[in-house]
Amino acid sequence: MGLNNSNKIISTDQIDCAGTLKVTLALSASPDISSNPVDIVLVLDRSGSMAGSPLANMKNGAKKFIDIIDEATDNSQDGNICSGSRIGIVSFADTAVQDTQLITSVDTLKNAVDALSAGGSTNHADAFTKAVALFDPASANAKVIVMFTDGKTTTGANPSPIAAAARAAGITIYCIGLIGADGIDPDVLNDWATDPDASHVAITPNDDDLEDLFADLAANISKPGATNIVLDEVLNPDFAITSILMPIKGTATMINATSLRWTIDQLGTTANEGATLEFFIEHVAGTSGTKLVNQSITYTDAENNQATFPEPTVQVDCGIIVNPEPCPAPVNVSISGCQDSIVYDVGDVSLESLGRILQLNINLKNICPAKRVALGVVLTELDQQGNEYPRGMKTITVPVHNSPTCRDVLVRCIKFVLPEDLDVSGGNRLAMCNTRNFRVRVFANNIDTDFRCCDLTI
């Protein structure tokens, strides 16, 4: 059956500037269908919310699935599923119906799919029950349920115990979910499906994707298991790997701060098998925005299976940061390979401090778009009687921002040089370890305004 599924998910879709998130890579594979026959039940949702294009696209997807399995069993689309494999159709709304038994006739299967019409509630429990009942417990064929649904359970019993019993009986369950009018709960589909969830569940908000999802699953089910797997993950340079957990199968190696390699000797060569790799990454850039987590991801194996992975994005919020006072420019010095020592004249350096440096960060609240702000910071030092002595004033123009709404602006690294010989806080004025007490006053006003005096023209 080849590589059944490949997936990539992240633990959250929003982080702050130095935030971290967990990335999960998942694969599953099964033996070749031509030499390892499979009984497959397509379980198709025909509830009222499927009316229109969702039903039409689901039908196209199911028929494409049948054609791919037909060709895989004998290398031709001859209208007959061969090599011992069979497909059955179950559809459901208020109740479920076994539209066909497990059969090999492609025309009969497609006619059953075409006959479906939408209407009624959603009874997943009866759907699972009718699907399981199609399988012959005495058959040596592998057993697969493909559950398609576009909504939550609205009638009938709790389907989770029925799905769990099916899995315990050796039935592999895949779930395809369409986010329909009634919504869908990914956690419920994960609960129904065979583990690992990431490689047995596919969800889309667009019914145009259904034909591709059914086709991809059928193509993967029909191929051999995978051997000599090599997966190379390269992160977006705005992220760095912080740790890698031990994978369920194979080994994972960190190549550098932004890349890793996952290798697996074999997967799904004797039975359906899944594998996951989890690792943690940290945002290391200083910019906000919606960012792709990975720069590239490549998959190879000895059977030439094809793996397609989602490209998850995360919203990064670094706030708005202004750095009005840059650090001094560095001087570059090089020592050649054979030099044991070097003398280098770095030029004139102005002495900036004979004491300490007070560095202030100020968070300006609710600064509106397209408004410059005049910021004034006054610093005084207190003596033991509470008298104040000036220690400097900084005036800064905070540039405009173009966010759609008013927001906070962080002004960083406002530095005041505090010579020790001006220490009035008490103690030994020549010591470097005296406690010194200061007061900071901050003034902020908009520069840009539409206010005009009555007799003023600008």
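Two strands count as paired when DSSP finds at least two bridges between them, and the strands themselves are DSSP runs of E, at least two residues long, numbered from the N terminus. Helices are DSSP runs too, H or I, of at least four residues.

Hi everyone, a word on the model before we look around. This is a predicted model, so to speak of local features I need pLDDT of at least 70, side-chain atom pairs count only at pLDDT 80 or more, and totals for chains, interfaces and linings use all residues. Residues are numbered from 1 along each chain as its sequence is written, and side-chain values use heavy atoms, with hydrogens and water left out.

4 strands make an open sheet in the order 1-3-14-11, with antiparallel pairing. Strand 1 and strand 11 (239-244) are at the edges with a single partner strand each, so one side of each has no neighbour in the sheet. From one strand to the next the twist averages 25°; angles here run from 0 to 180 degrees between N-to-C directions, and axes are lines fitted to C-alpha atoms, for helices over the stretch in contact. Inside this sheet, strand 3 (residues 20-30) and strand 14 run antiparallel and are joined by 10 bridges.

A pocket, on a 1 Å grid over the protein atoms alone, is an open set of points where a 1.4 Å probe fits, with protein on both sides within 12 Å along at least five of seven lines; lining residues have an atom within 4 Å of a point. The largest pocket has a volume of about 1,100 Å³, where volume is the space filled by probe spheres set on the points, and points are joined across faces, edges and corners. Of its 43 lining residues, Ser-6, Asn-7, Val-201, Ala-202 and Pro-310 are the closest to the centre. Which element gives the most to the lining? Strand 1 does, with 8 residues. By class, the lining has 20 nonpolar, 13 polar and 10 charged residues. For those classes, Ala, Val, Leu, Ile, Met, Phe, Trp, Tyr, Cys and Pro are nonpolar, Asp, Glu, Lys and Arg are charged, and the others, Gly among them, are polar.

In the loop between helix 5 and strand 9 sits Pro-196, and the peptide bond from Asp-195 to Pro-196 is cis, with omega near -5°.

Now the helices. Helix 1 (residues 53-74) packs on helix 2 (residues 106-114) at an angle of about 170°, with the axes 9 Å apart. Helix 1 and helix 2 are therefore roughly antiparallel, the label for angles over 145 degrees. Contact here means heavy atoms within 4.5 Å, and among the residues that meet are Lys-59 and Ile-66 in helix 1 and Leu-109 and Lys-110 in helix 2. That contact has 5 nonpolar, no polar and 6 charged residues.

Strand 20 and strand 23 pair over 10 bridges, and Val-377 stands opposite Val-442 in strand 23.

Two backbone entries to finish. Ala-370, in the loop between strand 19 (355-367) and strand 20 (373-382), has a positive phi of about 65° although it is not a glycine. Cys-413 also has a positive phi of about 65° without being a glycine, and its place is in strand 22 (residues 407-419).

Note on methods: Parallel < 35°, antiparallel > 145°, perpendicular 65-115°, else oblique.
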